[in-house]
Amino acid sequence: MGHAQAWQRQKAARREPRKRPPHGKRLQGFHSAPPVVYAPFGGYRVQAAKRFTEESRARLRAEIEDAGGNEVFALGYCDEAGLVAALEVRARGNEETVLALDKVRDASRQPDVLIHNHPSAFLTPSDNDLVIASRAAEGGMGSFIVDNRVEKVYVIAEPTLRRKRKKLEPEELCAALEAGGAISRRLPSFEIRESQLELMRFIIRGFNEDALAAAEAGTGVGKSFAYLLPALMFALENGERIVLSTATITLQQQLFDKDIPLVAAALDKKVKAVLVKGRGNYLCRRRLEDAIREQSLFEEEGDEIRPILAWSETTKTGSRSDLSFMPRDELWSRICSEADLCMGMRCPERERCFVLALRKEAADARVLVVNHHLLFADIAARREGAGYDATVVLPPYSRIVIDEAHKIEDAATSFFSKEFSRFSLYRQLGRLYHRRGNRRTGLLLRLPGMIPPELEDAAEAIKRVRDAADDLDGAALELAADDGVFRLCPSREERFLPVLISPLVTLRKRLSALGGILRSLVEAVEEEPEPSAPDSGAEAAAWEVKAVLRRLEAVAAVAASFVEYAERPGEVMWIEARRGAAAKADPYAVFTATPLEVAPVLASALFGPHKTVVCLSATLTTAENPASGDPGNPSSGAFAYWNSRSGITRVAGREPLTGQFPSPFPYARSVLLAAPADAPLPDEGHYRAFVDRAVLRLAELAGGSVLVLFTSYEALKSAYAAAAPVLEKQGIRCLKQGDDDRSRLLAAFLADESSVLFGTDSFWEGVDAPGDTLRMVLLCRLPFKTPRDPVFEARREALEKQGRNAFMELSLPEAVMKFKQGFGRLIRRSGDRGVVAVLDGRILRKWYGAFFIRSLPQTRTSFGDFSSCLRNAEQFLFSPTSGF
């Protein structure tokens, strides 16, 4: 490895006295990794017996001999005495291969030292050796060079002797949740739940055994405390960092503001936890100043930005959520922090940067509370080459608890999808140059030395891109006119090839031409001599132009993937017609490229590299299919669907632990499940009329406190139109999704027990309405994905091409898990009581309806005609002693 160079350096070193650093000099990375003893060039040699066991020396010697005396690169694992006791040979005779060794992460065995031999017997490290050793040292790994006989060792960096892991004691932690325990003493209404204790023992096993684990914890089990106690204690006892990931901001805030402080107090320990949100939630001071300096704000924007400027001088976090008002998305996007716009060390506001302050806080924390999107941003960057032992989006970590784990496939699908629209293009082009009347604004005007001909060329190229985007948008909207979506596939080529490909190619060409102009302008700025008084505004403008250029190149890449769709079987190319927020906003087309599968990515980037990953949700299982195989096999049985979609069973040699922990709530006496035997099937002509009538009758019966869930907005509008006028006359308030934002609708519903809330997809989960605020849940239709969903359709077709049963493996279990989420809205506390009514005839009249029923806890049932269901519901709600 650069032996001639090393030989010259060794000769030079012999002529001059070496300046050895003090033994034990410690270097510590930004992310507060364990300290590492580092010996740079001029390190020291020792006898191999002082760093290797005799068995490992013999093994390494034999590997070198097998390689013909050429270079061998290995990972070493130390015993408790600090000697290399085990080896894993990763490469032979290839200098480039070793560059990736320090990024290797085997979740079950973390290497302690990188080892390679110098066949020349000159053990002095080359420049490459030092670069690799430095990178490895950041993760606590040492670096050794040996001779071919493994008799001498040159120590570039000593490995950090890893502290012996302290396992958790299950009964000690469980005591906190038992009678008189630390948690129960702090919560007057706390109830001892055996399922919670069993869940905590299961999670402790996941930490102690470096395991992958999936647990379904029914409503009321108390999963937050069940995972927080072991997670916080493990982090404290072993000096490790734990990541807690959730799907919703609401749960993030609850964990950070309430649950973690309570658990830390119960443990009588100080635990530093940091709530980490995506950087787009934080203000960028430089971009705020640039927006003001640009003088591009119209009067209404000026009125809005002045309070933000004043707030920026008093806020401690810079988080958008801390503002007393909600700025428009368009304005916030111009002043928030974004990764590709960050100037890093060159930023004039670096010392006051909110994101940098957050990252410093996170580096010192033992617990990070994040959302799934941020977690995927981090693991994606690590998977693409950043490695698992450096700070990327988050500081390094090796253990993760994923709450609301039923959402990870959807979250990963969303994160790894790429999209663009004419509006997203307009935003980027407008950042470059915009003209309204005689007023011109944009980044290009702030570039130094910009002359009129150059600006005119750029403006013309921008106009040509806008025109191409408009043409493409019109063609795409025609394709999506019937269903609102359109997927590119061979059976539809006659429709889209003649109208879509040419505009896509034109857009790519014009983006390429604009990109050439932008690169030339930026290069001209960079080639100018450094001024005596640097213009930070001009430098920032050049930086942002480069960022816009990268975003335009990303748009061109998505356009290329649509043109080449037939060569990309692992992606789904689809178009969706959307409308802006304004009532009369014109429709526009969104072009999206989505991965067909995310399980392989999750297996290799999430589950494989990390020591412990615990996944929890109230809905991870479905009723077992008798034909699915051995229920004890994690690839079959109740967890089969979630396991296959998440990728947790794809990690070689790591069979996941699975466990079901039932709700402690008394469903058998507290819930009536009603399903009218005379309910029509959805494809029957009178189905819509039946649902509209049934919703009105049941809501009248309950007198409010009803949540009505639909699978389509059209069905919601129909039922609302039929019920609202009648119910409002009776003093029952009707709330409809779309009339206000979700949080305000929920607040209004919770505040008024005589109200009915009509909702679609997002209301099937995340609604927590205990007591009399919710007495009835109406599931108007079994929640099968619509055939028009392009990604679902493509995944179904892919299974069928493999000769598999797409209905049993995808459609049915996905619908059952959604159904369980809707059912779970009703009972939120042990004293709750109410009715769940299913208005879809398929639950009783189709063979697969039994899967939905068997996936629910045992309840009372009413499966007669609609009239009898109505009578039974009335008796159950208002005459509990009548037998119902």
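**Exercise 1. Val355**

Task: Is Val355 buried or exposed, and which residues does Val355 touch?

Solution: Start with the accessible area. Val355 has a relative accessible area of 7%. Buried means under 20% relative accessible area, exposed over 50%, and partly exposed in between, with a 1.4 Å probe and protein chains only. Val355 is therefore buried. Before going on, note that this is a predicted model, where local features need pLDDT of at least 70, side-chain atom pairs count only at pLDDT 80 or more, and totals for chains, interfaces and linings use all residues. Residues are numbered from 1 along each chain as its sequence is written, and side-chain values use heavy atoms, leaving out hydrogens and water.

Next, find the element: Val355 belongs to helix H12 (residues 354-363). Helices (H or I, at least four residues) and strands (E, at least two) are DSSP runs, numbered from the N terminus.

Now look for the neighbours. Leaving aside residues up to four places away in sequence, Val355 touches Arg279, Tyr282 and Ser337; contact means heavy atoms within 4.5 Å. Asn281 is 74 residues from Val355 in sequence, yet their C-alpha atoms are 9.5 Å apart.

**Exercise 2. Two helix pairs**

Task: At what angles do H13 and H14, and H25 and H26, cross?

Solution: Two packed helices are described by the angle between their axes and the distance between the axes. Axes are lines fitted to C-alpha atoms, for helices over the stretch in contact, and angles run from 0 to 180 degrees between N-to-C directions.

Take helix H13 (residues 372-386) and helix H14 (residues 408-416) to begin with: their axes come within 9 Å and cross at roughly 60°. Angles under 35 degrees count as roughly parallel, over 145 as roughly antiparallel, 65 to 115 as roughly perpendicular and the rest as oblique. H13 and H14 are therefore oblique to each other. On the H13 side, His372, His373, Phe376, Ala377 and Ala380 meet Ile408, Ala411, Ala412, Phe415 and Phe416 of H14. This contact of H13 with H14 has 8 nonpolar residues, 2 polar and no charged. Here Ala, Val, Leu, Ile, Met, Phe, Trp, Tyr, Cys and Pro count as nonpolar, Asp, Glu, Lys and Arg as charged, and the others, Gly among them, as polar.

Then turn to helix H25 (residues 790-801) and helix H26 (residues 806-823), whose axes come within 9 Å and cross at roughly 150°. H25 and H26 are therefore roughly antiparallel to each other. Phe792, Arg795, Arg796, Leu799 and Glu800 of H25 make the contact with Ala806, Glu809, Leu810, Ser811 and Glu814 of H26. The residues of this contact of H25 with H26 are 4 nonpolar, 1 polar and 5 charged.

**Exercise 3. An open sheet**

Task: Which strands are the edge strands of the sheet, and which helix packs on the sheet?

Solution: Read the order of the 6 strands, S3-S8-S7-S6-S4-S5, which form an open sheet with mixed pairing. Two strands pair if DSSP finds at least two bridges between them. Strand S3 (44-47) and strand S5 (84-92) are the edge strands, each pairing on one side only. From one strand to the next, the twist averages 30°. Helix H2 (residues 54-66) packs on the sheet and touches strand S4 (72-78), S5, S6 and S7.

**Exercise 4. A covered helix**

Task: How many residues of H19 are buried?

Solution: Helix H19 (residues 599-607) has 7 of its 9 residues buried, including Val601 and Phe607. Among the elements covering the buried residues of H19 are H13, H14 and helix H20 (640-646).
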